[in-house]
Amino acid sequence: MVSLSSVCVYCGSSSLVNDVYKDAARQLGTGLARSGVRLVYGGGRVGLMGLVANAALAAGGRVTGIIPDHIRALEVGHDALSELLVVDSMHERKRLMVDHSDAFVVLPGGFGTLDEAFEVVTWKQLRLHDKPIIIADIAGYWAPLVKLMEHITAEGFVSGGYQRLFTVVRDIDGVLDALQSRPESAPPPRSVSL
Ligand code: AMP
């Protein structure tokens, strides 16, 4: 992971989830910190978001949180981060998370996680960036989504295949390996068919 200095993690804000997802969040936070990689995330203390941040901090890592002022109370803004950027809107948060990161990891999460993940995927498709995106399919959580991706590709709505946009791995070791090897870094072909 020598060439990456910061990695953005998108993940759920719910705490009412299976321990297997919580363990994965902790393992990722620890792994990033031990690799000397700064964690960039949504800045909250709740759910997997809080767990990944706390694990990174506990392992001596640097953590940047980016949180909109209006949801600071809702997601209980973390007050012990290396850096907390308070912004005016969700759009600014998402933009800064992309700007501050060299790669993206998607852990299990809900609608917010999906929104954030697909924004970076579509921006990559449009060649607005060429950073690795790793989907962590912890305990098969994203399997229905991967099936949908295959369907979307098979029906011709994604040119070049979704595999050129993001990599799906089964566990956190797979995430850390994938970050090291910089997968799918070539820009996808642009669809020109009408
Ligand atoms: P969730 O996966 O729904 O638990 O949300 C995870 C993160 O996504 C939280 O930090 C939310 O603030 C954020 N989020 C929720 N809704 C949206 C949205 N419409 N656009 C961008 N981020 C969102």
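Helices and strands here are DSSP runs, numbered from the N terminus. The model is a predicted one. With that naming in place, Lys 22 can be located in helix α1, which covers residues 19-34.

Lys 22 is a buried residue that has no salt bridge. The nearest side chain of opposite charge belongs to Asp 19, at a distance of 4.1 Å. Leaving aside neighbours within four places in sequence, Lys 22 is in contact with Ser 15, Val 17, Leu 48 and Leu 51.

Helix α4 takes in residues 111-125, 15 residues in total. From its first C-alpha to its last, α4 reaches 21 Å, close to the 21 Å expected at 1.5 Å a residue. Which residues of α4 are buried? They are Thr 113, Glu 116, Ala 117, Glu 119, Val 120, Val 121, Trp 123 and Lys 124. An α-helix has 3.6 residues a turn, so residues three or four places apart point the same way. The elements against which the buried residues of α4 pack are β1 (6-10), α3 (90-99), β5 (103-106) and β6 (133-136).

Trp 123 is one of the residues of helix α4. Trp 123 counts as buried because its relative accessibility is 18%, and the cut-off for buried is under 20%. Not counting residues up to four places away in sequence, Trp 123 touches Arg 95, Val 98, Leu 128 and His 129. Between the C-alpha atoms of Trp 123 and Met 90 there are 16 Å, and the two residues are 33 apart along the chain.

In total, 16 residues surround the ligand, and the closest are Ser 13, Glu 75, Gly 110, Thr 113 and Asp 115. A polar backbone atom of Phe 111 is 3.5 Å from an oxygen atom of the ligand. For Gly 112, a polar backbone atom is 2.9 Å from an oxygen atom of the ligand. At Thr 113 the side chain takes part, with an N or O atom 2.6 Å from an oxygen atom of the ligand.

Just after α4 comes Arg 127, with a positive phi of about 60 degrees, although Arg 127 is not a glycine. Arg 127 belongs to the loop between α4 and β6 and is partly exposed, with a relative accessible area of 44%. Ala 139 is another non-glycine residue with a positive phi, of about 55 degrees. The loop that holds Ala 139 runs between β6 and α5 (143-154). Ala 139 is exposed, its relative accessible area being 57%.

Helix α6 spans residues 172-181, and its buried residues are Ile 172, Gly 174, Val 175, Leu 176, Ala 178 and Leu 179. The cover over these buried residues includes β1, α1, β5, β6 and β7 (167-169).

The last topic is charge pairing. Side chains of opposite charge can pair when their charged atoms come close. How many salt bridges does a search of the whole structure find? The search finds six. One of them joins Arg 38 and Glu 83, whose closest N and O atoms are 3.4 Å apart. Arg 38 lies in strand β2 (residues 38-41) and Glu 83 in strand β4 (residues 83-87), so this pair ties together parts that are 45 residues apart in sequence. Glu 83 is partly exposed, at a relative accessible area of 30%.

Arg 95, already named as a contact of Trp 123, forms a salt bridge with Asp 99, with closest N and O atoms 3.3 Å apart. Arg 95 and Asp 99 are four residues apart in helix α3, which means about one helical turn separates them. Both are partly exposed: Arg 95 at 41% relative accessibility and Asp 99 with a relative accessible area of 45%.

Arg 72 and Asp 69 form a salt bridge with closest N and O atoms 3.8 Å apart. Arg 72 is partly exposed at 35% relative accessible area, as is Asp 69 at 48%. Finally, a network of salt bridges links Lys 94, Asp 115 and Glu 119. Of these, Asp 115 is among the residues closest to the ligand, and Glu 119 is among the buried residues of α4.

Key:
Residues are numbered from 1 along each chain as its sequence is written. This is a predicted model: local features need pLDDT of at least 70, side-chain atom pairs count only at pLDDT 80 or more; totals for chains, interfaces and linings use all residues. Side-chain values use heavy atoms; hydrogens and water are left out. Helices (H or I, at least four residues) and strands (E, at least two) are DSSP runs, numbered from the N terminus. The expected span of a helix is 1.5 Å times one less than its number of residues. Buried means under 20% relative accessible area, exposed over 50%, partly exposed in between (1.4 Å probe, protein chains only). Contact means heavy atoms within 4.5 Å. Lys and Arg count as positive and Asp and Glu as negative; His and the chain ends are not counted. A salt bridge is a side-chain nitrogen of Lys or Arg within 4 Å of a carboxyl oxygen of Asp or Glu. A residue is near a molecule or strand if one of its heavy atoms lies within 4 Å of it. A polar contact is a pair of N or O atoms within 3.5 Å; within protein, one must be able to donate a hydrogen and the other to accept it, and residues adjacent in sequence count only if both atoms are side-chain atoms.
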